[in-house]
Structure formats: C-alpha cells, structure tokens
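Please look at the sequence and the structure first.

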2 protein chains.
Amino acid sequence: MKEEESLSIAGVPVFIDADSTSLFDALKALERIGSIHLICDTNTSTDCMPLLPYLAQITKEPIILPVGEQYKNLETCQGVWRSLAQQGANRNSTVVNLGGGVVTDLGGFCAATYMRGISFMHIPTTVLGMCDAALGGKHGVDFEGLKNYIGVIEQPKLIWIHTPFLLTLPLRHFQSGLAEIVKHALIGDPLLFQLLHGNINFRTFNKEFLTRAIQVKKHFVENDIQDHKMRAALNFGHTFGHAIESYFLHTDTPLLHGECVALGMIAEIWLSHVHLGEPTREVCRKITALIRKCTPVDVPGKIKLRALMPYLSMDKKQHAGATRYSLIKGIGHPVIDQEVHYATLEKLLQDDEVALFLPWLLR
Amino acid sequence: MKEEESLSIAGVPVFIDADSTSLFDALKALERIGSIHLICDTNTSTDCMPLLPYLAQITKEPIILPVGEQYKNLETCQGVWRSLAQQGANRNSTVVNLGGGVVTDLGGFCAATYMRGISFMHIPTTVLGMCDAALGGKHGVDFEGLKNYIGVIEQPKLIWIHTPFLLTLPLRHFQSGLAEIVKHALIGDPLLFQLLHGNINFRTFNKEFLTRAIQVKKHFVENDIQDHKMRAALNFGHTFGHAIESYFLHTDTPLLHGECVALGMIAEIWLSHVHLGEPTREVCRKITALIRKCTPVDVPGKIKLRALMPYLSMDKKQHAGATRYSLIKGIGHPVIDQEVHYATLEKLLQDDEVALFLPWLLR
C-alpha cells in the first residue's frame, strides 16, 4: 500500500485506495487558499458522491454534466464556465473532477482555461479513467465531430483513485474500461497480458491489473509529456477506435469509448500483421480472443470502409495528408508513426480470417 | 539594431524592425515541418498584409476575423478552429497572428488549444500589441461579458515587430495604444515617463518609447511567468479599465481597450492617493495630464459607481469577495494586491479635484 501511495506521474501524486483522510487533508489545505468546485455527472453525483460524503461538505454546489461522450463539447464547457463564474470561482479556486473520462477530460480543460488556468484534481470513477483518461494531463473536448480536437496538456494537482467506485459501474461500462488495460498490456507489459489471459472473472477486479496498467501509462507519458514522440504508442487501437466512435456518436446507439478502442485494437492488431508482417497470425488470434473476452461489443451496424475514411483521415495523428497509426510488432513492442495507405486497408479486409474478426467493417 | 534584434521575453525571441528576411527564413523553416495558417482581421488583411507580401505566398488562405473587442469570444474561436480543420492544420502546423490585441489574444488561444496546442507566432500591428498584448504569453477571450475569462498562458515561438505597421493606424487607435506605454512608464520606468512628458509629437513615433516599454513588460513577465505575484503590477489601470470596457462593450459606442486603460489609470492613480496616501496630489496631477495628452478619450456617457460595481467585482483580480487593485505609490513603484472597499471608492468620488478628472463617474 505504501508503495502505491507514493506513485506519481509527471510529478503528479497518484493515490490508489489510500485512506480517505489523505484526500480530506488535501482538500482542507486547498480550501484555505480558495473555494473548491465539484464537477461530476448525473451518474457519479448519485452513485459516487455518497461514498465520499465529506466531498459535498467541502465543495460548492456540484456542477452536474449530462452523461455521455456526445456532451463532451464546447457547449457543455460553456455551462461549466458559467457555473464557475456564478459560484465565484477565482484564481485561487480548485476544481475537483469526479467521474469517468468525459468528466475529467472536459472538467480539466475547463479548469485549465478558466481565468487562464486554475488548479484542478481528478477523482476518476471508471476503469478507463483510473488507468488512462485521468492520467497524463491530456484534456479537451470534441469539436464538430472531431475527437478531442480542442484541448490542452496540463497536469492536475492530484489524482485520487478509489477502486470501490468500480462496483457502481454497470457491467458494460466496466468491460469497456478493460479495453484500455488490455491496450496497456499490449504496448508495454507482456506479464500483464499473461495475467489478464489467465483471469476470467473480471468482475472481481484485481488491483494489480490497474497498478500495472498505470505503470505503463507512466512510462510513456514521462518520456514524452508534450506528446511529440513515443507517447503516441498509447494511441494503439485509437485511430480506428476514434473513427468508429465518431461514426456512431450521433446515432441512437452510440458505443462506449472503450468498446470502440476494443474494436480499433482488433482492427489494428491485424493491420500490424498485414502492414509490418508482425505479429504472427497466431499471436494476433490470441490477442483478438483476449480483447473479445474482456470487452464484448455489440456493433450496432455495418460500416463500409469508404464511409469510415473521412473519420480516419481527420484523426489528429494524421501527418501530411496520410493517416498514421500506432501499431505493435508484438506484445510489448509498439511502433509509432506508421503511414498506412488505403490500399493496405483494402488488403486487410480481403483477408478471410481478418474479415471473420471484423464483421462490422465492409470493403 | 543588433541589440534590439536579440531581445527575448520568457525565452521567446522578439525582433524589432529586423530585416524581413529573418521572418521569411523562420517561416520557411516552419513550412518544412508543416502548413502555416494566417489569422488576421479585416483591417490588417487590407492594410498590413501588402507590407509583407511573402506572407500570403507562404501561408494558407487568411482566416479573417471581424474587427473589434466585441468579437473576442468563443463564437469567433469556433470559426477559427473550423477553418484550421478545413485547411488541414495538424500538430505540425504553425499559426501566424497578424493584428492587434484581439487577433493575438484570440489567435494565440485558438492555436494553444487546437489539437491540444500547436505552435504559433505573433506579428503585432498596433502600439498596444507591440508593447503589451503580444508579449508574455497571456491569451484568451471574453466570456459572457467577462473580460479574458477563458484562456491560457502559453508562449509564442516568435514575436516579430514591424513599426511601419503603426503608420496604417487611425490616430484614435494610435493614441489608444499609447496608454499602455504610459502604464509601463508608470509601473517601471521613470525615465520613460520623463521622455514621454517632454515629447508632444506622438505621431512621429519614437522607437525608444516602444523598446523601453517592452523592457518593463519583460521585467514583470520574466519574474512571474504564471502570473501569481508581481506580474499583477501590469494590471495597473486595468481593474477600472476592464469594468469601463465591459460596460460600454455592447453599446453602440464601445471604447477602445487603451482608452479604457487610460480612464482606468486616471481613476486608479487617484485611488492610490486616497487609499495609500501616495503619490502626492502634485504627482497625480502630472500623471493625469500626461495620460490625457497621450490618450484623449471621449466617454460616451456617465456611469454611476453602483452600475460599475458588478463589473469591478467580476474582475479576475478579485480575491475572496473583495476587489483587488494593482496601484502605484509613485512613478516606478507599483504595489499589488490592494484590497479596496466600496467606502473607499465613495470617498474617492467625494474629492472635488478627483471628480474634476473623472467627470464620467458619478457617486
């Protein structure tokens, strides 16, 4: 426990299941400097706030966001900024973000731009938030259908992880988050991959998975805070993943972020095989099986490759007109900046075995 | 010239009337990395772009903003972000901001948040831009009537000052900008104050004024990049100034930013006298006279102090409910964090001599 408590990412202390007095003390110290403002969503305000009763005592009236990636936009930001101004937040105030990736992404961006930046901390409440979204300082919102196009890189003061929140999650959301843990195993921790492979009862969440996944994130973030190089390895599965997410975002059946990453990783592990010649089919099958076991996805329709292309080419990872992917040559061996042309994607879908694993993607 | 060319603020090179090949070379080097996007306004696109003809050759189609502080808002930002996306700007691209404070404030904010931040440079075209707004990394926009409420502190790659642009300015805008030069003299350069005092032909702009004013800005910025302490001295005149600006912003007769700062400085120099007992009336009169000579303002109406209070209390410099001012005890002697209560403002306006200099502000 002691060791976990002393974890830090990019200089930011990360507490994992620490005694709640440590959070209380930190908030009390911040309260002496200025007001504390809570951003959450309709789920976390009812499911998570009761687990930390003193949060409501120490913070202003919660600023409650609607649930869902479709609200991660500038309109929601304007509501947050307005609430902060109405509550009298000033440059000495602190924002506490209590929620999953949407809340921490958007809440962190709002805090980092309110009065040119006030301090903030994250209390992630989902698997994805705890192992990925809340860590590393990337914050922002979607803009006119473009994923995370408007944002900043700014570190929170503190990240407080409380795994009992995970028990409040519906199974589908829990499984969605596991996709990011699998991703971290694939890009940086072969042993974590083995551990996940041997464990089928994911509902009894093994904290070791989380801690190992966080260590992988720490490694890539700290070697490239400003995201100009190897940090891109964390985007494995995200080029296809973001495209699928954008494609379904404004339909009646949007997918969860982790679900899209799961689909994206399956596409990109086979793309790695086709484009790089590695990993072997055998390894690709093994990875695909684990992803499908961790994060089953019910894709609400079939997509033609051509229809997905506009979303793929607008991905932030594009460079000089060509779409760039972060792929993996094998478990624990990421390769970034892989330029992939349309012809290669067509070739991917001509492979009968691949087509079996990507039934939602049509040539 | 050499010395001026090597000036830097917070590590950012500032070129003053350097050979235009230095800008051309910098742009050429950036163009090899990614696309270059130009943000200007309807004035600078017609008046300033022809003076730097190669700018148009090297940049994408200019993104042209409407002129005026009333457009320094999120709606205009959305237009800029949309244009950048449509022009294919990516993380290797650079934004060039050509204009006054509105263009550099807003353009810098848009660049610093586009794809979580791409590089940008400023080419200020106004007195205010050259001696203040474009320097120091503060960027942002107004939000629902609140001045500069949404923004970031992020440094440009380069600041390129070309004083011939000043000849394109209408006299009113030129005089408005002089207010910030006077402000810099008042907070940090008694000799500059003397030089301004002895010079009445402001139209033949003395470059020494500009260089000295920039040095004052450099001093306060570099000692407090994140704006947590002495940088606040640069806000002298700005608490009242921003309130007046906000008050008239959405009327038919908005004032220019520098004009409001001029009015604000007159209010705050006398407030210094009333609140701190310094400077003497004699010095206050001398300062008031110089401000009025440099920046004559035709105030479009009278304001009751009570009507100005909501704007004063929403200023970002507020702290724990009370309005805080950056005042001066004498020329070159700023004092920050001065908490001033309503009663003191009433006392200020009860002074017959003060009332003479602030005829637009009623008890």
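A residue is called buried when its relative accessible area is under 20%, exposed when it is over 50%, and partly exposed in between. The model described here is predicted. By that cut-off Lys183(B), with a relative accessible area of 1%, is buried because this value is under 20%. Asp132(B) also counts as buried, at 9% relative accessibility. These two residues form a salt bridge, and their closest N and O atoms are 3.6 Å apart.

A rotation of 180° with 0.0 Å of shift along its axis places chain A on chain B, with an RMSD of 0.0 Å. The two copies are therefore related as by a two-fold rotation axis. Both copies use the same surface, since 94% of the contact residues of chain A recur in chain B.

**The contact between the chains**

The size of an interface is often given as the accessible area lost when the parts come together. Here chain A and chain B bury about 3,000 Å² between them, and 55% of this is on carbon and sulfur atoms. Chain A brings 36 residues to the contact and chain B brings 34 residues.

Eight residue pairs are in polar contact between chain A and chain B, both residues being at pLDDT 80 or more. On the side of chain A that touches chain B, helix H5 (74-86), helix H6 (101-113), strand S7 (138-143) and strand S8 (146-153) of chain A each supply at least two residues. S8(A) gives the most to this side, with seven residues. Sorted by class, this side of chain A has 16 nonpolar, 13 polar and seven charged residues.

In chain B, strand S8 (residues 146-153) holds Asn148(B). Asn148(B) is buried, at 7% relative accessibility. Its side chain makes a polar contact of 2.7 Å with the side chain of Lys72(B).

**Salt bridges**

Side chains of opposite charge can pair when their charged atoms come close. Over all chains the count comes to 45 salt bridges, and between chain A and chain B the count is four. Some of the pairs are set out below.

| Pair | N to O distance |
|---|---|
| Arg82(A) and Glu144(B) | 2.5 Å |
| Asp227(B) and Arg91(A) | 3.2 Å |
| Lys183(B) and Asp132(B) | 3.6 Å |
| Arg212(A) and Glu208(A) | 3.7 Å |

Where do the partners Asp227(B) and Arg91(A) lie? Asp227(B) is in the loop between helix H10 (207-222) and helix H11 (238-249) of chain B, and Arg91(A) is in the loop between H5 and strand S5 (94-99) of chain A, with the pair crossing between chains. Asp227(B) is buried, at 6% relative accessibility, whereas Arg91(A) is partly exposed, at 29%.

Arg212(A) is partly exposed, with a relative accessible area of 24%. Glu208(A) is also partly exposed, at 38%.

In chain A, a network of salt bridges links Glu69(A), Lys72(A), Asp105(A), Asp142(A), Lys147(A) and Glu245(A).

Terms used. Residues are numbered from 1 along each chain as its sequence is written. Chains are lettered from A and ligands numbered from 1 in the order in which they are written. This is a predicted model: local features need pLDDT of at least 70, side-chain atom pairs count only at pLDDT 80 or more; totals for chains, interfaces and linings use all residues. Side-chain values use heavy atoms; hydrogens and water are left out. Contact means heavy atoms within 4.5 Å. Buried area is the accessible area (1.4 Å probe) that two parts lose on being put together, summed over both. A salt bridge is a side-chain nitrogen of Lys or Arg within 4 Å of a carboxyl oxygen of Asp or Glu. A polar contact is a pair of N or O atoms within 3.5 Å; within protein, one must be able to donate a hydrogen and the other to accept it, and residues adjacent in sequence count only if both atoms are side-chain atoms. Helices (H or I, at least four residues) and strands (E, at least two) are DSSP runs, numbered from the N terminus. Ala, Val, Leu, Ile, Met, Phe, Trp, Tyr, Cys and Pro count as nonpolar, Asp, Glu, Lys and Arg as charged, and the others, Gly among them, as polar. Buried means under 20% relative accessible area, exposed over 50%, partly exposed in between (1.4 Å probe, protein chains only). Copies are superposed by least squares on the C-alpha atoms of residues with pLDDT of at least 70 in both.
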